[in-house]
Every structure is written in structure tokens, then in C-alpha cells.
Amino acid sequence: MRRPLVAGNWKMNKTVEQATLLVANMVPGLQAVKTVDRVICPPFTSLMTLSGMLAGTEIGLGAQNLHWEASGAFTGEVSPEMVKEFCQYVIIGHSERRAYFGETDQSVNLKVKASLAIGLTPIVCVGETLEENETRRTEAVVSRQVKLGFEGISKEDVEKTIVAYEPVWAIGTGRAASAEMANDIIGNSVRKNLASLFGSDQAEKIRILYGGSVKGENAAEFFAKSDIDGGLIGGASLKAEDFIKIVEAAA
Ligand code: PGA
């Protein structure tokens, strides 16, 4: 049995002051749901403050990105060690980073390796664009992203990773994939590709999330599916009540 995990991706939202308030409002409700791994991924600027607030709770903290190099002349970047000071998790290869910041399957792969090497749990994002979906390339795209993103990862390490299937056309649009379609892609593309790379025993251990317009109202439908082990939540993770409702749906 895979333990469900729900992560909130705050994206570029909330100052430290706003983040502090939001987390204070969330902690009691999140703490009550013991059977789900709960993770908050705020901007870098709030990590230090929130790691202090979350110490002694079971709520995990994640960054939204990192650089793969250990240190050096990389203006504007944050190293794995710097993330590890405050976090247990890190989101890698979100579609917004791929679309707006030039991330590729190769940079995703370097970041996954760097995360694992320092002991961070990477949440590796895959998913097709609207155009790829409409031209029936979903399976090919997702398979390529999984294969290249996980290239050279050891069998022992792969079970420490988390994958998030997020169709780009469903992110922030209010137009979620159907639970059936998401479960089908996750089972028949994502997990199947992981099985061909690492064996089916390993693939069965890896938690795979769905993301894209998950709300309190539709969350339970996704989480009831056999291959969906939780969610990566954007917009709805910015409101305490909504995020708690989604976490409760995963329990
Ligand atoms: P959304 O975003 O829940 O706002 O659609 C999901 C994500 O981008 O991770």
C-alpha cells in the first residue's frame, strides 16, 4: 500500500508575512490527518520562517526548484544544500519551469540526481500540453519525460522519488482531467514506463500524484483511483480551508 501524499505548490505567491498567516491557519487541520503525507512548497523566501513554524509537526516543507551544481557562479540560483537546510522535498520540472524558464528533460534529470544525492525527495512533474493532447501524443510525451527524467537513477533511489502527472491544459484552468483519464495515463504510461526502467516491484512502490485544477469538490474522485496516490495542488493550496479539505479527501 502506498501512503497518500498531498503537496501544495504555492508558486510565486505569498510574502513571508502572508505565508506565516496562511500556515498558522492550516497547521491544526493538517495535523489532524495522520494517514496522509502533507507537504507545503512556498517560495524560497519563506522557507526559513516556515521551517521554524513547522518544526515539531508532521508537515513537510518543499522548495519549487533548485540548481544541480553544489555552489559557484550561478547568479540567482539556489543549491541542493541550501534547499536541504530547510526542506525534505523539492518540486522538479514543473511545466511552468519547462515552458517559461527553458527547463528540459536533461536539466530535470540533473536536478533529480542532485536532489537524491543530498537526501531530498524530488517531486518530478510530467505532463502534456493541450496541443500534444489534441494530436494524441500524450503517451509519447509522458513516456519520454519519464525515461529521460529518470535516466541513470539507481533502483534503490527511484523508490525515494515521487512523480506528479500534470496535464498542462488542466493547470490553473479550472478544467481538470477526468479521474478516469488521469488514472489511465498514470497507470499505463507513467507507472508502466517506470516498470520498464526499474522493474514492476519498484514501480509499484513509487507514489504518483495527479495535479491540475484539483479542488475540495473533485479531489476524492481522483484519490479513489487505483493508480493515483495523491495530488499536487496549486490554486487550492493557497486557502487553508480548501487545502485541508483536499488532504482530508486523501485520507
Ligand atoms: P492548479 O495547479 O491546482 O492551480 O491547477 C497545479 C500545479 O501547477 O501544480
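Student: How far is the sulfur of Cys-87 from the closest cysteine sulfur, and in which residue is that sulfur?

Tutor: This is a predicted model, where local features need pLDDT of at least 70, side-chain atom pairs count only at pLDDT 80 or more, and totals for chains, interfaces and linings use all residues. Residues are numbered from 1 along each chain as its sequence is written, and side-chain values use heavy atoms, with hydrogens and water left out. A disulfide is a pair of cysteine sulfur atoms within 2.5 Å. The sulfur of Cys-87 is too far for a bond, since the closest cysteine sulfur lies 7.6 Å away, in Cys-41.

Student: How many disulfides does a search of the whole structure find?

Tutor: Seen from Cys-41, the closest cysteine sulfur is that of Cys-87, too far for a bond at 7.6 Å. Searching the whole structure gives a count of 0.

Student: Is Cys-41 buried or exposed?

Tutor: Buried means under 20% relative accessible area, exposed over 50%, and partly exposed in between (1.4 Å probe, protein chains only). Cys-41 has 0% relative accessibility, so Cys-41 is buried.

Student: How many aromatic pairs are there?

Tutor: Rings of Phe, Tyr and Trp (its six-membered ring) pair if their centres lie within 6.5 Å; planes under 30 degrees apart are stacked, over 60 edge-to-face, and the rest tilted. By this rule the count is 4.

Student: Are the rings of Tyr-210 and Phe-222 stacked or edge-to-face?

Tutor: Their centres are 4.3 Å apart. The planes of Tyr-210 and Phe-222 meet at 10°, so the pair is stacked.
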